[in-house]
Amino acid sequence: MENQHTKKVLVVNGPNLGRLGVRQPDVYGSENFETLREKCEKWGAELGFEVEVRQSDDEAQMVHWMHEAADTHTPVVMNPAAFTHYSYALADAAHMVLDAGVPLMEVHISNPAARDAFRKISVISPVATGTITGMGLYGYKLALEAVAHLV
Ligand code: DQA
């Protein structure tokens, strides 16, 4: 289902992802958050989407963005970062996006399943339309393509 107003997609990033390029470049790469933003906007435009890229270290802000996406029927690409592993509040909010009839794709730059034990659990995956891991920033392109396929 297409969102009612524009073909908008919200790309939401959780805690510490604003530090891309500086934070563990061996794991997350050397490209910074602004590059991620530019790439997502370009990849989205190629698919006919207006992409808005956001980042927050704040769980409440992320939850409120899910409410906004549900209310406006806007598909979501989300890298929940560390919230992935324990935020039932964000999982409940993500569920509302799916209940609104729009897709929510979960993305991880690294492959959490191949890392620390605490990263092997995602409380978001059970309520996501699909999950893409381990593909670096390219994973966001794959997630946007998945949204294009689904709407
Ligand atoms: C991450 C993986 C998470 O385990 C971690 O807490 C992050 C980033 C990723 O993109 O690979 O902050 O979501």
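Asn79 counts as buried because 23 C-beta neighbours lie inside 10 Å; a residue is buried if 20 or more other C-beta atoms lie within 10 Å of its own, exposed if 12 or fewer, and partly exposed in between, with C-beta atoms placed from the backbone. The model is predicted: local features need pLDDT of at least 70 and side-chain atom pairs count only at pLDDT 80 or more, whereas totals for chains, interfaces and linings use all residues. Residues are numbered from 1 along each chain as its sequence is written.

**Two annotated residues**

UniProt, in an unreviewed entry, places the feature "binding site" at Asn79, His85, Asp92, Ile109, Ser110 and Arg119. These positions are spread over 41 residues of sequence and also in space, up to 23.8 Å between C-alpha atoms. Such annotations may be inferred rather than shown by experiment, and the positions follow the numbering used here.

Asn79 lies in strand β3 (residues 76-79), strands being DSSP runs (E, at least two residues) and helices likewise (H or I, at least four), numbered from the N terminus. Leaving aside neighbours within four places in sequence, Asn79 is in contact (C-beta atoms, placed from the backbone, within 7 Å) with Asn13, Gly14, Leu17, Val107, His108 and Ile109.

Arg119 lies in the loop between β4 (104-108) and β5 (130-133). Arg119 is partly exposed, since 17 other C-beta atoms lie within 10 Å. Residues up to four places away not counted, Arg119 touches His85 and Pro112.

**Around the ligand**

Asn79 and Arg119 are among the residues that surround the ligand, which also include Asn16, His108 and Ser110; here a residue is near a molecule if its C-beta atom, placed from the backbone, lies within 6 Å of it.

**The sheet**

Five strands form an open sheet in the order β2-β1-β3-β4-β5, with parallel pairing; two strands pair if DSSP finds at least two bridges between them. The edge strands, β2 and β5, each pair on one side only. Two of the pairings are set out below.

Strand β2 (residues 50-55) has a covered face of Val51, Val53 and Gln55, while Glu50, Glu52 and Arg54 form the uncovered one.

Methods. Two residues are in contact if their C-beta atoms, placed from the backbone, lie within 7 Å.
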